[in-house]
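Dear colleague,

Please find below the structure that I am handing over to you, together with its sequence. My findings follow directly after it.

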Amino acid sequence: MCDRSLILAFSCPDRPGIVSAVSSLLFEAGCNILDAQQFDDTGAGHFFMRVVFARLKHANSEAEIAVSIEELASLFAMKFTLRQSSAKKRVMLLVSKFDHCLVDLLYRWRIGELPMEVTAIVSNHGREYLTSADCDELPFHHFPVAKDTKMEQEARIWDLVQETKTDLVVLARYMQILSDRFSAKLSGRCINIHHSFLPGFKGAKPYHQAYERGVKLIGATAHYVTSALDEGPIIEQDVERISHHDTPDDLVRKGRDIERRVLSRAVRHHLEDRVVLNGKKTVVFTG
C-alpha cells in the first residue's frame, strides 16, 4: 500500500447510486481505487463499504478530498471515517495478572505485524506480574482498584486516555468490569477478549462452565465493550475441539492460544478500518 493512499470506510441507508457516487468522486479528485469491499444488509436496509485509494500525481489535496466526502456524506446520510493508510492508531493496553494476550500483542507490534503506537500499559496489578521484556520500553501505570475506588480508578484511566490521545483501548485479559459510564465514553473504541465462544458462558470462569457442561468445542470472542456484560458487537471468534479427557486446566491452557489469535486479529481489523458497526453487530471486511 503506497504512502499516498487513504482509507474510507462508511455506512449509510441503502439506495441506488452509492458506489457510483463514491467512485466518481474519487475519479474526479484524481485518485485511483486500490481496493474496494461492500456489503448490503438487505434486511436492515443499510449499506457498508471500505475503499482504499491512492492520490495520483496531480490529485486534489487531502483536505479538498475530505471536503468532497463530507458533502457526499451529507447527501447520503453517511457515517464515515477517512485517514491515511500509513497513519498508525494510538493504542492503550489494559491487563491484569494473565499477560499472554498482552505479550502476543506486543510481539506482533514489535515485528511490525500490528501497525500501532502503544501509548501505555495499564494494570490493576503490579509490574512484577508482566513477563514481556517489551513492557520495559513502554510507559507502565499501576492503578490499583477496590470496590470503593473503582470510579476513581476509571477516572485516572480516562484522564490517561485523553492525555495520550489514545484512539483504541484494548482489554487484554483485563479482569475488571467497566462501569456503564466508562463503557459509554469508550463506545466503538474499546475491544475486549472474552475466553468463551459468546453468547455461551458469559461472566466469570467460562472454561469451568464449559467443562461442567461437557462441551466438545471451546472458543474465544473479541468484541467491542458496551454496558451490557459480554454482549457488545462481536468482531472475531475462533474455536478448538476438546474431549472428555480434558480437565478444566487443559481447557484454560488450550484457551490461551485461541484468545491470543482472536484478539490479535480483532485489533488488526480495527487498526486497518475493516470493522464497521451495524447496530448490535459488525461488518468486518477481512483482507
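In which strand does N192 lie? N192 is part of strand β9. Please note that this is a predicted model.

**N192 and its surroundings**

N192 has a relative accessible area of 10% and is buried, since buried means under 20%. Leaving aside residues up to four places away in sequence, N192 touches L171, T221, A222, H223, V225 and D230. One of these contacts, L171, is also the bridge partner of N192. Strand β8 (residues 168-171) and strand β9 (residues 190-194) run parallel and are joined by three bridges.

**The seven-stranded sheet**

Strands β8 and β9 belong to an open sheet of seven strands, in the order β7-β6-β5-β8-β9-β10-β11 and with mixed pairing. The edges are formed by β7 (140-142) and β11 (234-241); each has a single partner strand, so one side of each is left without a neighbour in the sheet. From one strand to the next, the twist averages 20°.

Within this sheet, β5 and β6 run parallel and are joined by seven bridges. R90 has E117 in β6 as its bridge partner. Strand β6 is mostly covered, with seven of its eight residues buried.

**Helices on the seven-stranded sheet**

Helix α3 (residues 100-110) lies across β5 (89-95), β6 (116-123), β8 and β9, and runs at about 160° to β6. Helix α7 (residues 248-271) lies across β5, β6, β8, β9, β10 (217-224) and β11, and its direction is about 155° to that of β11.

How do α3 and α7 pack, at what angle and how far apart are their axes? The angle is about 45° and the axes are 9 Å apart. The two helices are therefore oblique to each other, and their crossing is right-handed. On the α3 side the contact is made by H100, C101, D104, L105 and R108, and on the α7 side by R256, E259, R260, L263, S264 and V267. By class, this contact has four nonpolar, two polar and five charged residues.

Helix α7 also meets helix α6 (residues 206-213): the axes of α6 and α7 come within 9 Å and cross at roughly 125°. These helices are therefore oblique to each other, and the crossing of α6 and α7 is right-handed. Y207, H208, A210 and Y211 in α6 meet P248, L251, V252, G255, R256 and E259 in α7. The contact of α6 with α7 has six nonpolar, two polar and two charged residues by class.

**The four-stranded sheet**

Four strands form an open sheet with antiparallel pairing, in the order β2-β3-β1-β4. Its edge strands, β2 (31-41) and β4 (79-84), each pair on one side only. Direction ignored, neighbouring strands of this sheet are turned by 10° against each other on average. Strand β2 pairs with strand β3 (residues 46-55) in the antiparallel sense over 10 bridges, and N32 stands opposite A54 in β3. Helix α1 (residues 18-28) packs on this sheet, touching β1 (5-13), β2 and β3, and its direction makes about 15° with that of β3.

With kind regards

Conventions. Residues numbered from 1 in each chain as written. Predicted model: local features only at pLDDT ≥ 70, side-chain atom pairs only at ≥ 80, totals over all residues. Heavy atoms only, no water. Pairing = 2+ DSSP bridges. Axes fitted to C-alpha atoms, helices over the stretch in contact; angles between N-to-C directions. Contact = heavy atoms within 4.5 Å. Parallel < 35°, antiparallel > 145°, perpendicular 65-115°, else oblique. Left-handed = near helix turned anticlockwise from the far one by under 90°. Nonpolar A, V, L, I, M, F, W, Y, C, P; charged D, E, K, R; others polar. Buried < 20%, exposed > 50% of the residue type's maximum accessible area, 1.4 Å probe, protein only.
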